[in-house]
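Here is a friendly walk through one protein model for someone meeting it for the first time. Have a look at the picture, then read on.

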Amino acid sequence: MPLSLPMDIVVVDETSESRNRARLAILELANMISVPMSLNAVVRLNVADAIWSAGSNAPLSASQILSKVLPDKPYADADNLQRILRTLTSYGVFDEHLVSGSSGSATVERKYSLTEIGKTLVTDADGLSYGAYVLQHHQEALMKAWPLVHSAVVDPTTEPFVRANGEPAYAFYGKNDEMNGLMQKAMAGVSVPFMRAVLGGGYDGFGGRVQRLVDVGGSAGDCLRMILRQFKNIKEGINFDLPEVVAKAPPISGVTHVGGDMFKSIPSGDAIFMKWVLTTWTDDECKLIMKNCLKALPVGGKLIVCEPMLPDHSDDSHRTRALLEGDIFVMTIYRAKGKHRTEDEYRQLGHSSGFPHFRAVHIDYFYSILEFQK
Ligand SMILES: C[S@@+](CC[C@H](N)C(=O)[O-])C[C@H]1O[C@@H](n2cnc3c(N)ncnc32)[C@H](O)[C@@H]1O
């Protein structure tokens, strides 16, 4: 008997409202790459700083933006920039202002200011913004891994990034000064505002008897610098990361940069902080890191972890989407079996690594604070 294609059997009524919506939704999904790539373009073009202009945030047209960011390029295409700005307006990065032309002319000019989301791309006094994170994610080596996401399903023993570039991401960054530097800037750009929210939001886990605090995978040491500034009980901070990473870290008062490998051993401390590290590793690797933390802590000492934590249910909220999308990023770039975990999965990781006590603190929508106590 000849095989029939499903569409031959089920005659789909394409005139229905639900099919109309479905056709729209699948085209939106299929073209979704335009959104992060447009974001990447406005970061490269430094659009946010041009609009912000020392806090004015006055609406500017695409050609006014171009005259600020590319003053030497009179042929730069304002129409194309406007197409990008319109798309990102739809995703809440810019506000669009329609300004009527002078003396009754029918033309309407489009001008753009920054929304609260757009302001995250403005460079602060320390040279930081979320822009570096956008650029870091869209470097060529990372982009080469994305068409290979399916290979993490077919064979999870080799990460898409490794298939595309021949070696794991951290080893790859370590050999390239520019990538290493951008990674540190990206981490600082995201972690500094998070730490401000946590420390300003009343989290007190670094207080009490903590005198020596170790930050495992601390990158340039920005989190430690902020914690030490607020918690005067801490006399000594140890910023522990890969040797090539700490070699680039700037001097910070009260902080010693120590290079090493957390899979081998971790410097001892009264408390250990670890942000955005466990996510990129498999369960077995996390247990190894956590057991090394356990060895480095006194009885009663805390391992304070900040990680994105997945909700139990899948829904279409911004939070769930941001967390699920980050999960696919980890699978593609770092470890095919590294992952964003649920609260329960973290509790279990803690128990199987030997930590008897666990507490989750929720201040930020993206990262949760997880305390494992010895
Ligand atoms: C996602 S980044 C997080 C950086 C920083 N904690 C933050 O949240 O801004 C992960 C960090 O782990 C570090 N790392 C990776 N492998 C490591 C290892 N074997 N030993 C120590 N640190 C490592 C990386 O160099 C990087 O700085």
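N57 sits in the loop that links α4 (47-52) to α5. In this predicted model, its phi is near 50°, which is a positive value in a residue other than glycine. Most residues other than glycine have a negative phi. Is N57 buried, exposed or partly exposed? With 17 other C-beta atoms within 10 Å, N57 is partly exposed; to be called buried, a residue needs 20 or more.

Which residues of α5 are buried? They are A62, I65 and L66. These residues cover an arc of only 100° around the axis, so they end up on the same side of α5.

Two packed helices are described by the angle between their axes and the distance between the axes. For α5 (residues 62-69) and α6 (residues 78-90), the angle is about 110° and the axes are 8 Å apart. Because of that angle, α5 counts as roughly perpendicular to α6. On the α5 side, A62, S63, I65 and L66 take part, and they meet A78, L81, Q82 and L85 of α6. Sorted by class, this contact has six nonpolar and two polar residues, and no charged ones.

## Strand β1 and E96

E96 is part of strand β1 (residues 94-100). It has 15 C-beta neighbours inside 10 Å, so E96 counts as partly exposed. Which residues does E96 touch, once neighbours within four places in sequence are set aside? The answer is R86, T89, R110 and Y112. V214 is another story: E96 and V214 are 118 residues apart along the chain, and their C-alpha atoms are separated by 46 Å.

A271 belongs to strand β6, which covers residues 271-275. Why does A271 count as buried? Because it has 26 other C-beta atoms within 10 Å. Setting aside neighbours within four places in sequence, A271 is in contact with F206, V210, L213, G301, K302 and I304. K185, for its part, is 86 residues from A271 in sequence and 25 Å from it in space, going from C-alpha to C-alpha.

Next up is W276, in the loop between β6 and α16. W276 has a phi near 60°, again a positive value in a residue other than glycine. W276 is partly exposed, with 19 other C-beta atoms within 10 Å, while the cut-off for buried is 20.

## Around the ligand

W276 turns up again here. There are 15 residues around the ligand, and those that come nearest are M187, S191, G217, K275 and W276. What is the shell around the ligand like by class? It has eight nonpolar, four polar and three charged residues.

## Helix α18

Helix α18 runs over residues 343-353, and its buried residues are Y346, L349 and G350. They cover an arc of only 100° around the axis, which puts them on the same side of α18. Among the elements covering these buried residues are α16 (283-296), β8 (357-361) and β9 (367-373).

D344 is also in helix α18, but D344 is exposed, with 10 other C-beta atoms within 10 Å. D344 and L310 are 34 residues apart in sequence, with 9.9 Å between their C-alpha atoms. Just past the helix, G354 takes a positive phi of about 105°.

## Stepping back

Finally, the whole chain. How many helices and strands does the protein chain have? It has 18 helices and nine strands. Its C-alpha atoms fill a box of roughly 75 × 70 × 40 Å, taken along the principal axes.

The protein chain has 374 residues, and 33% of them count as buried. Looking at contacts between residues at least 6 apart in sequence, 63% join residues at least 24 apart.

Notes:
Residues numbered from 1 in each chain as written. Predicted model: local features only at pLDDT ≥ 70, side-chain atom pairs only at ≥ 80, totals over all residues. Buried ≥ 20, exposed ≤ 12 C-beta atoms within 10 Å, placed from the backbone. Helix = DSSP H or I, 4+ residues; strand = E, 2+ residues; numbered from the N terminus. Arc of directions from axis to C-beta. Contact = placed C-beta atoms within 7 Å. Near = placed C-beta within 6 Å. Nonpolar A, V, L, I, M, F, W, Y, C, P; charged D, E, K, R; others polar. Axes fitted to C-alpha atoms, helices over the stretch in contact; angles between N-to-C directions. Parallel < 35°, antiparallel > 145°, perpendicular 65-115°, else oblique.
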